[in-house]
Amino acid sequence: MARHTAGKQPTLRSRPLHSIGPIMPIVIKSLSSLTEEEGAALAAPLLAFNRAAFPAMEAQAVALVLESNGERIEGGLWGEILYDWLRIDIVAVPENLRGAGIGTRLMVEAEAPARHAGCEGLWLDTFSFQARGFYEKLGFEIAGEIPNHPRGESRYFMRKQLHL
């Protein structure tokens, strides 16, 4: 910031343009879908920023599948360990197998790689019309809520602290 003093011209301090890169015209463009390459290009600046803050940031996939006859995948659990937490993206149990304890077994088995990796806990999101009560019975608690998403329902962000 420049200071004004009696009888002196203000001095402005700025960075030379070459230190911030070339000036390019930027256009905001709306796309209805992204190719894998476009998605990688879009995420690159954020990933570079995150890696500077946490150099050891490497995601570890967690996948548990339910197989029928040893060959056909019928459902399962998919998640990712990143930043000392396991984020569970999908838990899918076919309707004809619900209530048989399979969802509970998937969730319990997902804790093993999280504990092995030294995770603080697990987190996920679910809607009010999905499985909030199921996750609460497994020790998850609400960490956040978006009411009326979708209209008439709520979206819950839930976490379960692991005690290592």
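Leu31, Leu34 and Leu42 together make a nonpolar surface patch of about 300 Å², where a patch is built from residues with over 30% relative accessible area and no salt bridge, nonpolar side chains (Val, Leu, Ile, Met, Phe, Trp, Tyr) being joined within 5 Å and like charges within 9 Å. A salt bridge here is a side-chain nitrogen of Lys or Arg within 4 Å of a carboxyl oxygen of Asp or Glu, and accessible areas come from the Shrake-Rupley method with a 1.4 Å probe, only the protein chains shown counting as cover for residues. Leu31 lies in the segment before helix H1 (36–53).

The model is predicted, so that local features need pLDDT of at least 70 and side-chain atom pairs count only at pLDDT 80 or more, whereas totals for chains, interfaces and linings use all residues. Residues are numbered from 1 along each chain as its sequence is written, and side-chain values use heavy atoms, with hydrogens and water left out.

Helices (H or I, at least four residues) and strands (E, at least two) are DSSP runs numbered from the N terminus, and two strands pair if DSSP finds at least two bridges between them. On that basis, 6 strands form an open sheet with mixed pairing, in the order E1-E2-E3-E4-E6-E5. Strand E1 (60–68) and strand E5 (141–147) are the edge strands, each pairing on one side only, and the twist averages 20° from one strand to the next. Strand E4 (residues 121–127) and strand E6 (residues 154–161) run antiparallel and are joined by 7 bridges; Phe127 stands opposite Arg155 in E6.

Helix H2 (residues 102–116) lies across E1, strand E2 (72–82), strand E3 (85–92), E4 and E6, and runs at about 150° to E1. Contact means heavy atoms within 4.5 Å, while axes are lines fitted to C-alpha atoms, for helices over the stretch in contact, and angles run from 0 to 180 degrees between N-to-C directions.

Two loops carry backbone features. In the loop between E5 and E6 is Pro150, which a cis peptide bond joins to His149, with omega at about -5°. The loop between E2 and E3 holds Tyr83 and also Asp84, and the table gives their positive phi values, in residues other than glycine, beside their relative accessible areas. Both are partly exposed, a class between buried (under 20%) and exposed (over 50%), with a 1.4 Å probe and protein chains only.

| Residue | Phi | Relative accessible area |
|---|---|---|
| Tyr83 | near 55° | 36% |
| Asp84 | near 70° | 48% |
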